[in-house]
Amino acid sequence: MASRKGPSLTSAALPFRPVPGPRGLPLLGNLRAFGRDPLAFFVRLREDFGDWVTWSLGPKRCMLVSHPELIAEVISGVEQCYDVRPISWSFKQIAGDSVLMSRGEDWRRKRGLVQPVVRPRQVRAYAANMVECSTALTDRWQDGERVDVHREMTELTQRIILRTLFGNDLGANVRALGDAMTVAQREISVEARGIGLHLPSWARTPGRRRLLRAGAILDAEIHRLISARRADAHSAHTGEDLLDRLLAARDDQGRHLTAKEVRDEAMTLWIAGHETTSIALTWVWYLLSTSPSSRAELIEELSRVLGGRLPTADDYDRLTWTQCVVKEALRLYPPAWALIATARPGATLGGRAIRAGTLVWCSQWSTHRDPRWFPAPTVFRPQRWAADAPDVVPDHTWFPFGGGRRTCLGARFALVEAVLVVATLTQRFVLDCAPGAPALMTGLLMQPAEPVHATVRGVDGSR
Ligand code: HEM
């Protein structure tokens, strides 16, 4: 479906026509309903009021848009009519002024520098590491063992991104750094869920102090690595890891990234590049254990395409059912559950003027579960993504990676990683998750609120 029209800044002649929405309390607006359960709140807004709805978070005027044409308009208007996502203080301590955090010309330069290091050709080079790390996990698992799936997937995706970024240079520091990143990530999530978001930047809560201590550990190690690589350009490095590529990158005026810029980008790829994929993989295992037929089809595909050997980057395109499983898990449980853009002066949407400062939300959670685009929306049905599926999924109804110019830089990396991890692990083991859908927790990301327990079962007599 093509988008209705591109963004426009010429709203002077357009009226601010009211858009319906739920009643809110004085001062609080809809804060309580949103805070209690934002996912259910968004679905209710769409069902009760339609494709665009006005509501408020305290004094902040908000809109939820749910039609793909409106979503396309917001996404394509980012940087012109809309400012990209608001950023929390704690996230900035880790991501600094990276591509994820910057705007305008600064963002364009950084995107141009970082995009090449995760383009499909480079991702192919990272694939062997993804399979190696997954194989190490299957070497550790035992038939009948009980595991916490989310924790296992976080350790796995953390190891994959760390080795992709830094090769084997972290050595024995891997665990300490992983722990520091986990602390930082937890504090960022806590802040995103609570009043921390509204604290002034000078405030030092115990959580912020923990975050700063973790950030200092990460900073020291990354700066050590950057200095070592710069000092020893002819070292044993093969130039194959992401850090080498960031250090070698030049903008269109031939300038390299500074050490601080390399630190910010590396940290951002690390933080953005593992928890998202770990959550997605956790849902893959949960959903597969609710659908024996999907799992059987997966095992059949792996045996037909791979015939018992380990997957490689070349197999990605051939593992079509595995891709469908991953896409369907990202539909039902999108780790990024909402995109937020702030309307600039003169912004328009669907031919109406939008007041400057309005927070415009597009929710993956509610759009991915809209029965207009996804029949039987709550059912796990990987076949809806098959090339010969009868229903075409319209553009901008599935957007786990966002879209437009600010679309996720690591989308290809994440999809290849998820498919290769699922393929490698399922050749030896399946995971039987405890019955019952895990409760959800929403912060910066949407994730299981509690551990997701599963029993590991060997396929064809694997240990
Ligand atoms: C399933 C896994 C992932 C999901 C669901 C996801 C989702 C997203 C979303 C929703 C955005 C914002 C897009 C927008 O505003 O339109 C984003 C941005 C970004 N993601 Fe991902 N992501 C994933 C994996 C990754 C990986 C593996 C990496 C790096 C290796 C990565 C790096 C980034 C970066 C750098 C940005 C900022 C792009 C910019 O602002 O120009 N992501 N991601």
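Let me begin with a term: helices are DSSP runs of H or I with at least four residues, strands are DSSP runs of E with at least two, and both are numbered from the N terminus. What we have here is a predicted model, in which local features need pLDDT of at least 70 and side-chain atom pairs count only at pLDDT 80 or more, while totals for chains, interfaces and linings use all residues. Residues are numbered from 1 along each chain as its sequence is written, and side-chain values use heavy atoms, with hydrogens and water left out.

I will start with the chain as a whole. Its secondary structure comes to 16 helices and 12 strands. With a radius of gyration of 22 Å, close to the 23 Å that the globule rule gives for 463 residues, the chain is as compact as a globular protein of that length; the radius is taken over C-alpha atoms, and the rule is 2.2 Å times the number of residues to the power 0.38. Along the principal axes, the C-alpha atoms fill a box of roughly 65 × 55 × 40 Å.

How much of the chain is buried? Of the 463 residues, 54% are buried, where buried means under 20% relative accessible area, exposed means over 50%, and partly exposed lies in between, with a 1.4 Å probe and protein chains only. The accessible surface comes to about 20,400 Å², and 55% of that surface belongs to carbon and sulfur atoms; these areas come from the Shrake-Rupley method with a 1.4 Å probe, and for residues only the protein chains shown count as cover.

Turning to contacts, which mean heavy atoms within 4.5 Å, I can say that among those between residues at least 6 apart in sequence, 76% join residues at least 24 apart. As for charge, there are 60 positive and 49 negative side chains, and the centres of the two sets lie 6 Å apart. In that count Lys and Arg are positive and Asp and Glu negative, with His and the chain ends not counted, and each charge is placed at NZ of Lys, CZ of Arg, CG of Asp or CD of Glu.

Which residue gives the iron atom of the ligand its only protein donor? That donor is the SG atom of Cys 408, at 2.3 Å, where donors are N, O and S atoms within 2.8 Å of the metal (3.2 Å for Na, K and Ca), and water is not among the atoms, so sites may look incomplete. Cys 408 sits in the loop between helix 15, residues 364–368, and helix 16, residues 411–428.

That loop between helix 15 and helix 16 also holds His 396, which has a positive phi of about 65° although it is not a glycine. His 396 counts as partly exposed, at 27% relative accessibility. Leu 27 likewise is a residue other than glycine with a positive phi, near 65°; Leu 27 is found in the segment before helix 1, residues 31–36, and is exposed, with a relative accessible area of 79%.

Let me move on to some buried positions. Trp 285, in helix 12, residues 275–290, is buried at 3% relative accessibility. Leaving aside neighbours within four places in sequence, Trp 285 is in contact with several residues, among them Val 149, Met 153 and Val 422.

Glu 261 lies in helix 11, residues 259–272, and is buried, with a relative accessible area of 15%. Which residues does Glu 261 touch, not counting those up to four places away in sequence? They are Arg 109, Lys 110 and His 256. Glu 261 and Lys 110 are 151 residues apart along the chain, and their C-alpha atoms are separated by 8.9 Å.

Thr 442, in strand 10, residues 440–442, counts as buried at 16% relative accessibility. With residues up to four places away in sequence not counted, Thr 442 touches Pro 38, Leu 39, Arg 193 and Trp 337.

I will finish with Arg 208, which is in helix 9, residues 206–231, and counts as buried at 2% relative accessibility. Arg 208 and Thr 135 are 73 residues apart in sequence and 37 Å apart in space, from C-alpha to C-alpha.
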